[in-house]
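User: I am new to this structure and would like to understand the terms used to describe it. Please take me through them step by step.

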Amino acid sequence: MRRTASWLLLSSTLPAATALTPEQEAQVRQIGAELRCPTCTGLPITESGDALSVQMRREVREQVKAGRSQREIDEWMVSRHGRAVLLKPPKQGLNLVLWGMPFLALVAGVVHFWCTLHFRQTRRGPHTATDPYLAQVRQATRPSESGDR
């Protein structure tokens with residue numbers, strides 16, 4: 001009976017000991033949404049019911065309560081679970097190429113489009129005697145200089 005009473009007393013004080021401010025709760029949700037569940041495919045730990053995700057959420061709560069920043073928590077999670085735990089790859093090193101590829105593709109497309117239009121316009125330039133049929137049609141459709149119509 002004594003064990004049951006002490007267990008109830010201990011379990012009733014645990015939620016109070018781990019209570020966070022609303023700002024800290026928001027920070028926990030934000031950090032959790034950016035961490036991938038190691039056993040699930042592409043799910044953040046906030047949406048996974050896996051035991052490992054539950055443990056990771058608990059660790060994030062404890063670290064936020066200890067006053068650690070998101071960067072410190074991310075580094076700690078990466079040291080334990082590897083870089084794959086981050087849903088968004090960091091914008092550094094070789095990952096900069098990955099982050100820049102959409103912009104580079106857009107610029108390349110615009111340049112290609114402009115060059116294609118420019119090339120077509122220069123090809124269509126004033127046709128002279130290089131096209132004999134066109135010269136013959138122009139000659140035949142040109143108004144006569146004598147004033148006849």
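User: Which residues of H2 are called buried, and what makes them so?

Analyst: This is a predicted model, in which local features need pLDDT of at least 70, side-chain atom pairs count only at pLDDT 80 or more, and totals for chains, interfaces and linings use all residues. Residues are numbered from 1 along each chain as its sequence is written, and side-chain values use heavy atoms, with hydrogens and water left out. The buried residues of H2 are Val28, Ile31 and Gly32; buried means under 20% relative accessible area, exposed over 50%, and partly exposed in between, with a 1.4 Å probe and protein chains only.

User: How do you know that the buried residues of H2 line one face?

Analyst: Viewed down the axis of H2, they fall within an arc of 100 degrees, so they line one face of the helix. The arc is taken from the directions from the helix axis to the C-beta atoms. On the face turned away from the buried side are the exposed residues Pro22, Glu23 and Arg29.

User: How many helices and strands does the protein chain have?

Analyst: The protein chain has six helices and zero strands. Buried residues make up 15% of its 149 residues.

Notes: Helix = DSSP H or I, 4+ residues; strand = E, 2+ residues; numbered from the N terminus.
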